[in-house]
Amino acid sequence: MDTPQTPSAPRTVTLIGKPGCHLCDDARVVVTAVCRELGAVLEEKDIEQDAELHRRYWEQIPVVLVDGAQHDFWRVDADRLRTALTR
């Protein structure tokens, strides 16, 4: 008897940045496009609204997490993000 395949949960990409950050704006374009293409969930977090995120990442923004693990910072490469999301 075959066991039914359960679809895996969608991957989550978190973009950590702040308003007025041009690198964050550039990263948002890339991350949004890749998430749309692959069906990943995109969430954004503002370091100005979270003291812990500010302490950890303020020198690296924008920071991209994939399923909670740091993936990239400063510049986001679409192909590298695609690869991470399809593993």
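The structure holds seven salt bridges, a salt bridge being a side-chain nitrogen of Lys or Arg within 4 Å of a carboxyl oxygen of Asp or Glu. The model is predicted, and local features therefore need pLDDT of at least 70 and side-chain atom pairs count only at pLDDT 80 or more, whereas totals for chains, interfaces and linings use all residues. Residues are numbered from 1 along each chain as its sequence is written, and side-chain values use heavy atoms, with hydrogens and water left out.

One of the salt bridges is formed by the side chains of Asp67 and Arg11, at 2.4 Å from N to O. Asp67 belongs to the loop between β3 and β4 and Arg11 to the segment before β1, so the pair ties together parts that are 56 residues apart in sequence. Helices (H or I, at least four residues) and strands (E, at least two) are DSSP runs, numbered from the N terminus. Accessibility is classed as buried under 20% relative accessible area, exposed over 50% and partly exposed in between (1.4 Å probe, protein chains only). On this scale Asp67 is partly exposed at 41%, and Arg11 is partly exposed at 25%.

Other salt bridges lie within helices. In helix α1, Asp25 and Arg28 are three residues apart, about one turn of the helix, and their side chains meet in a salt bridge of 2.9 Å, N to O. Asp25 is partly exposed, with 39% relative accessibility, as is Arg28, with 28%. In helix α2, Glu52 and Arg55 are separated by about one helical turn, because they are three residues apart. The closest N and O atoms of the salt bridge between Glu52 and Arg55 are 2.6 Å apart. Glu52 counts as partly exposed at 39% relative accessibility, whereas Arg55 is exposed at 57%. Salt bridges with shared partners also join Asp25, Arg28 and Glu44 into one network.

Four strands form an open sheet of mixed pairing in the order β2-β1-β3-β4, where two strands pair if DSSP finds at least two bridges between them. On average, neighbouring strands are turned by 25° against each other, direction ignored; axes are lines fitted to C-alpha atoms, for helices over the stretch in contact, and angles run from 0 to 180 degrees between N-to-C directions.

Strand β1 (residues 12–17) has five of its six residues buried, so it is largely enclosed by the rest of the structure. Six bridges join β1 to strand β2 (residues 41–46), and these two strands run parallel. Within this pairing, Leu15 has Glu44 of β2 as its bridge partner, and Gly17 has Asp46 of β2. Four bridges join β1 to strand β3 (residues 63–66) in an antiparallel arrangement, with Val13 opposite Val66 in β3.

Helix α1 lies across β1, β2 and β3 and runs at about 170° to β1, with contact taken as heavy atoms within 4.5 Å. Helix α3 (residues 78–86) lies across β1, β3 and β4, at about 165° to β4. Strand β4 contains His71, which is buried at 14% relative accessible area. Beyond its neighbours within four places in sequence, His71 is in contact with Val64, Leu65, Val66, Arg80, Leu81 and Ala84. The C-alpha atoms of His54 and Lys18 are separated by 9.6 Å, the two residues being 36 apart along the chain.

Backbone geometry was also examined. Most residues other than glycine have a negative phi, and most peptide bonds are trans. Asp67, although not a glycine, has a positive phi of about 50°. Trp74, likewise not a glycine, has a positive phi of about 65°; Trp74 is placed in the loop between β4 and α3 and is partly exposed, with a relative accessible area of 44%. A cis peptide bond, with omega of about 0°, joins Ile61 and Pro62, and Pro62 is found in the loop between α2 and β3.
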